[in-house]
Amino acid sequence: MEQIDGVKIMHCRNVREFSVPELPHFSVDGYCPETRTICQIFRCHFHGHTCQPFRDVITLNGDNLAERYERTMSRLEQMTRPGYQVKVQWECEFDDAGKPELLAHPQRGLWKRGHASTL
Ligand SMILES: [Zn+2]
C-alpha cells in the first residue's frame, strides 16, 4: 500500500473544495486536478474504521460501525469508478497515538488557505 505521509498531504495543498462532476452529491476534502487525485480525511468513529472496537453495537444513529465502514468503502469505490485516484487518511494514522483534533490539523488549514488564495 502506498504510504500516505505529510509530504503527500502537502502535495494536495493547492486543492480547492471540489465536487466530483460525476458524483456531485459527494463532498471531498481535497482534489489535485493534475493527477485527478481526491484526498479524503476520515474520522475513524464516524466512518467505522477497522481500528474501532464494538463494531456490531448499534449507535444512536441506528447503524453500527461495520455498516458505516461498508458504506464508506462503497463510496470510495464509486469515486474511483470514473477514473479518480483516491487517497484516504484515517484519523488514527495521522499520529501513532491518533489525534481527536484531526479536523483542525494544520495541513488541512493549508488546504483552506490555498483555496482562499486562489479565489
Ligand atoms: Zn482508525
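Colleague: Happy to look at this with you. Where does helix H3 lie relative to S4 and S5?

Modeller: In this predicted model, helix H3, residues 65–80, lies across S4 and S5. Its direction runs at about 150° to that of S5.

Colleague: And what makes S3 and S5 edge strands?

Modeller: The sheet is open, has three strands in the order S3-S4-S5, and its pairing is mixed. Strand S3 (30–32) and strand S5 (85–90) each have a single partner strand, so one side of each is left without a neighbour in the sheet. From one strand to the next, the twist averages 20°.

Colleague: How do you know that S3 and S4 count as paired?

Modeller: Two strands pair if there are at least two bridges between them. S3 and strand S4 (residues 37–42) have three bridges, in the antiparallel sense, so they meet the cut-off of at least two. Within this sheet, Tyr31 stands opposite Ile38 in S4.

Colleague: Why is Arg36 called partly exposed?

Modeller: Arg36 has 13 C-beta neighbours inside 10 Å. A residue is buried at 20 or more and exposed at 12 or fewer, so with its 13 neighbours Arg36 counts as partly exposed.

Colleague: Which class does Phe54 fall into, buried or exposed?

Modeller: Phe54 has 10 C-beta neighbours inside 10 Å. The cut-off for exposed is 12 or fewer, so Phe54 counts as exposed. Phe54 lies in the loop between H2 and H3, and it also has a positive phi, of about 55°, although it is not a glycine.

Colleague: Good, and what makes His45 partly exposed?

Modeller: His45 has 15 C-beta neighbours inside 10 Å. His45 is found in helix H2, residues 44–47. Between the C-alpha atoms of His45 and Tyr69 the distance is 9.3 Å, with 24 residues separating them in sequence.

Colleague: To finish with the whole protein, how many helices and strands are there, and what share of the residues is buried?

Modeller: There are four helices and five strands, running α-β-β-β-β-α-α-β-α from the N terminus. Of the 119 residues, 17% are buried.

Definitions and conventions
Residues numbered from 1 in each chain as written. Predicted model: local features only at pLDDT ≥ 70, side-chain atom pairs only at ≥ 80, totals over all residues. Helix = DSSP H or I, 4+ residues; strand = E, 2+ residues; numbered from the N terminus. Axes fitted to C-alpha atoms, helices over the stretch in contact; angles between N-to-C directions. Contact = placed C-beta atoms within 7 Å.
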